[in-house]
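Trainee: Could you show me, step by step, how to read the way helices and chains meet in a structure?

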Amino acid sequence: MAEETLGPDLGRRKILNWLLGTSAGAFLLSVFYPVSRYLIPPKAEESTSRTVTLSLKPAEVKANSGEIFRFGNQPAILIRTPAGELKAFSAVCTHLACIVQYRADLSHIWCACHNGHFDLNGLNIAGPPPRPLEQYTVNVRGDQIVVSKGA
Amino acid sequence: MTMEGSDKQRGRLWMWLNERIGLAELEKFAKKKEVPVHRHTVWYYFGGMTLFLFLVQVATGILLLLYYRPSAEEAYESIQFLMTEVEFGWLIRSIHSWAANLMILTLFIHLFSALLLQAYRSPREITWMSGVGLLGLALAFGFTGYLLPWNELAFFATRVGTEIPGVLPLVGSFLRRLLRGGDDVTGATLTRFYGIHVAVLPLLATLFLGLHLFLVQKHGMSVPPGVEKKSASKQAMPFFPNFLLRDLVGWLSALALLAALAAYYPAELGQKADPFKPAPVGIKPEWYFMFMFQTLKLLPSYILGVEGEMVGIVGFGLGGLFLLLVPFLDRRVARGEPSPLFTWIVIGIVSYMVALTYLGYTMSPTK
């Protein structure tokens, strides 16, 4: 037995230290676990809608211009190319998440934060952005513009 | 007590207090410190100046709390009200904004002068590291405080700033959520930053500052190695009251400068943040983040197969770590030898920061 080799006092001290250590550990855990969970925000409801009908009319979007619109809880950009085609992309820059805009003088999409350039297909053509913008499908039904994600 | 002779000349109140809280010991502690006098003495004033500006921040910050409302719906309006309706509201906010900028400036001067005069060498390693900690806290104060008016510039600065840790592999998206209080910069981010700015950071700053000042008092001011070798007879002046009175002159001048800056260039408010509007043309961060911002702007999208932003961010992280560990990296100065290499590294870092900041303010934002 450990107690006999260490003597009764040392054995008792060892057990008491162990009890003290584990209860201090358990105490810290019971404080820091709830606090750390508290600091992480709950998951927000992801917007499940894969399509959105814009309040803009097709005639209101002039050639060589762009407008930001809400796609669920994210910003997206609708552009009409100089050739007259309507296109939509995510408006969140793939570099550091600023919101992009349409530059009529360059006839393409641009991000003001770090000077990122995207062409009319959303491809990153200059500046720091590492990836193209996500493209959405645009359908015109009568005088309504419907934008949808995916195929 | 040995002070009995002088006790008699003191008033009865002094003696009454001395018996209860030990004023004589406090006085001894204050008188213990001497400030070395040599050709670099002027740099000793910048630490105290930073401290003074921090105190101005505490005082004006408390005053701003009385009107500020930390929510996405009310923050901008509450500051608009403060600036236009509340008497001297513009003054308090402008001083808070200017003192923040001046504090970072004096902190940088204090840091780089300590670095160039190699004040970090033994036994002041912990003094140095607590100072680097205070720099980190000051930058965090600036970053979190910048969002609180909830204007356009603040919104995008925070979007970019909180995206930066998000770039890191594995922990990135977790850190971003933790900082933002959600997946995007929203009202949840504002209340989080508010709590950090007015409670967490002041508490940490007080602790770090306490340690820093205690160590400065314990070790005294560092004498640069060059001066230490040259002069055998050490000139010095007492800290209390000689140096402190000189400090006070500086503090009063700083206060006058603050008042002038606040009156002639009051803090602006700009447009209210709109999460569904493009980033404004010419957007830029506070000047002390400019060199990093400009670096991120100039880095190409890929460097040797790694995303450019990642290279930049990891680079700045390593730079910060280097700064923190300077006392342990500079082996030559630890042995009491001259170390010109570190002097050149510091000059290189400062030149880089100045050059990129200059570019940030002069390059056309639309090209």
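**Helices and chains in contact**

Mentor: The axes of helix H7 (residues 125–147) of chain B and H8(B) come within 8 Å and cross at roughly 135 degrees. Axes are lines fitted to C-alpha atoms, for helices over the stretch in contact, with angles from 0 to 180 degrees between N-to-C directions, while helices (H or I, at least four residues) are DSSP runs numbered from the N terminus. This is a predicted model, in which local features need pLDDT of at least 70 and side-chain atom pairs count only at pLDDT 80 or more, whereas totals for chains, interfaces and linings use all residues. Residues are numbered from 1 along each chain as its sequence is written, and chains are lettered from A and ligands numbered from 1 in the order in which they are written.

Trainee: What does that angle make H7(B) relative to H8(B)?

Mentor: Angles under 35 degrees count as roughly parallel, over 145 as roughly antiparallel, 65 to 115 as roughly perpendicular and the rest as oblique, so H7(B) is oblique to H8(B).

Trainee: Which residues of H7(B) and H8(B) meet?

Mentor: Residues are in contact if their C-beta atoms, placed from the backbone, lie within 7 Å; here Phe143(B), Tyr146(B) and Leu147(B) in H7(B) meet Ala154(B), Ala157(B), Thr158(B) and Gly161(B) in H8(B).

Trainee: How many residues of chain B are in contact with chain A?

Mentor: On the chain B side there are 28, in contact with 23 residues of chain A. Helices H8 (152–166), H9 (172–180), H13 (290–298) and H14 (308–329) of chain B each give two or more residues to that side, and H8(B) gives the most, with five residues.

Technical notes:
Contact = placed C-beta atoms within 7 Å.
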